[in-house]
Amino acid sequence: MGRIPDEIIETIRDRVDIVDLIGRHVSLKHAGRNHKGLCPFHDEKTPSFVVTPDRGTFKCFGCGEGGNAFGFLMRVENLTFPEAVRQLAAEYGIAVPEARGESGETQRLYEANAVAHECYRAALRADNSPGTRYLAGRGIDAATITRFEIGYAPDRWDTVANALEAERIPVSVGERAGLLKLGRSGGHYDLLRGRVTFPIRDVRGRVVGFGGRVLDPDQEPKYLNSPESPVFQKRRSFFGFPAALEPMRREGRAVVVEGYFDLVALHRAGVDGAVATCGTALTEDHARELRRRTKKVVLLFDGDEAGQKAMERGLEVLLPAGLRIHAAVLPPGEDPDDFLARAGAEALVALIDEAPDALEVAIRRAVARGCASPADKADAVASLAPLLTRVASPVERGAWEDRLALSVGANPEDVRAAVRAQARGEDPAEAVPIAPRFEASEVRKLKQLAHSLVEHPHLGLTVEADSLLDAAGHPVVDLIRRLLDAAGSERRVEIDEISEGLSEEARAILYTLAADDHPPEEAVAMRTVADTNRWLAGRRERERQTELTERLRRGDADALEILRAKHEASRVPPERTH
């Protein structure tokens, strides 16, 4: 490649806005005469990357990287110095002497993609284009088509192949760019056929690949993306770049959706700071791309089970990057396009603006699956432990552990134990005891009840039914259940008969109580049963209040009715005993 004159290099350096250039890759904020952000060349949580526009330089005080606009572009785009100079020259309209010989392979791939893109756009503009009819049927107007540069790949085998040949771009380049495929007979044919096309651009605006959506509902697959190439990696690419970069910086957030038409729907609703993944789940590379530009991400996935599971998988990837993740939850069975058509733009914007924390949404989903039994609670905690281990801040993680414990009705220390087990690679479910937990004072109360029933079995008929006494778990509860089964007998219980089938711990309690030299008088036993009934009634009321609170949090019933029910429940006096 020929040498570029020094005066042209100087002209380019003087004209480049280094803040704008680096701002495409890094979220920068004013800091005196400089701009600061997170370094794109190494992982960091505290900004140490400084851009000085007066000098046209950048410097990272964390990893030591520094230089000018050319050096930054070479580093971030993996370019040679001449390639970086020519790239910036083309962007700023500065003429550079033509290079001798062939241009680099990477540049040829960009050229091939640009040729294909023009083919697709021209085909969409043609009279009676099937692509135009399809888009009109989906409510996509001409302004939206122009905004996203949507095209149409004709249902032919050689549209792009012929266009590349006309531009003297070898078919090998078209194949490497993912535009053409090698046929069985040795010739090449177009990859995308009979589909509307969406150009995927990098942060510099260059077309690196395409997404194609079929027109015929019976054709499979519904979406087909360009294969990976030296210029297109799905794991780090977003549909919507670079137009979304400035809105993302301005709004302080990024909205992430799964599909091309999802992104189009957001734009039609007035949400511009949004991007879509390109046929793949969110990756660590995506997380780094987002973290360099913003701290807040709103995930807007489909409202079905698959969409919500994708949201939780996205959380696992994005949380370690220190991002604040929110989740806008669509109604079941709807995607953003459906919601926009039914509820309107204002409702879609509100859904995004008011999106709750994604971890809160995940907790609600776990609670909605059921937390009635101790085993259900253990399962709910185990299902969320992988997410909590990925919360970068220990303070935040502790707060979420407490929130999860409150929501499912588990002991906070058990939740922390499950999260620690997950972090060690162990099964978090095994760290959560599924038997009911009892405080020492509760065990003493239950032993007093058991003692009364051992000496006065007929009092078992006056013990109020309660879920605590219906579930096996603690030895003293197992003993009480056996004594209640024997209630009604006027005679003293047969210890050996009662002990059959009990655990060693429960039998030990039974024999200890039976050997007591000072058994309770009947009047004392009656007071014990009455006290126990009052305690159980209070316990039931607390459980009801918790249930109402969870229903209110989930939004699965009218909020006013739930509040009224909580108020009425709080006015119910404790149940009187017999």
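Okay, some housekeeping. The model is predicted, so I use local features at pLDDT of at least 70 and side-chain atom pairs at pLDDT 80 or more, while totals for chains, interfaces and linings use all residues. Residues are numbered from 1 along each chain as its sequence is written, and side-chain values use heavy atoms, with hydrogens and water left out.

Let's start with strand 9, residues 195-201. When I say strand or helix, I mean a DSSP run, numbered from the N terminus: E for strands, at least two residues, and H or I for helices, at least four. Is strand 9 covered on one face or on both? Both: Arg 195, Thr 197, Pro 199 and Arg 201 are buried on one side, and Val 196, Phe 198 and Ile 200 are buried on the other. Buried here means under 20% relative accessible area, with exposed being over 50% and partly exposed in between, using a 1.4 Å probe and protein chains only.

Who are its neighbours? Strands pair if DSSP finds at least two bridges between them. Strand 6, residues 151-153, runs antiparallel to strand 9 and is joined to it by 3 bridges, with Ala 153 opposite Arg 195. Strand 10, residues 207-214, is also antiparallel to strand 9, over 7 bridges, and there Thr 197 faces Gly 212. Strands 9 and 10 make a hairpin with 5 residues between them, and Gly 205 in that turn has a positive phi of about 90°.

There's also an open sheet of 5 strands, in the order 12-14-13-15-16, with mixed pairing. Strand 12 (238-239) and strand 16 (324-327) are the edges; each has a single partner strand, so one side of each has no neighbour in the sheet. Inside the sheet, strands 13 (254-257) and 14 (274-277) run parallel, joined by 3 bridges, and Val 256 sits opposite Val 275.

Now a helix. In helix 8, residues 159-166, the buried residues are Thr 159, Val 160, Ala 161, Ala 163 and Leu 164. They pack against helix 5, helix 9, strand 7 and strand 8, where contact means heavy atoms within 4.5 Å. Just past the helix, Arg 168 takes a positive phi of about 60°.

On to the rings. How many aromatic pairs are there in the whole structure? A search finds 17. Rings of Phe, Tyr and Trp (its six-membered ring) pair if their centres lie within 6.5 Å; planes under 30 degrees apart are stacked, over 60 edge-to-face, the rest tilted. Take Tyr 120 and Phe 210: their centres are 5.1 Å apart and their planes at 90°, so that pair is edge-to-face. Tyr 120 is in helix 5 and Phe 210 in strand 10, so the pair ties together parts 90 residues apart in sequence. Tyr 120 is buried at 1% relative accessible area, and Phe 210 is buried at 0%. Then there's Phe 148 with Phe 239, centres 5.8 Å apart and planes at 35°, so that one is tilted.

Arg 138 lies over the face of Phe 261, 3.8 Å from the ring centre, and Arg 213 has its charged end over Tyr 223, 5.7 Å from the centre.

Key. A charge sits over a ring if NZ of Lys or CZ of Arg is within 6 Å of the ring centre and within 35 degrees of the ring normal.
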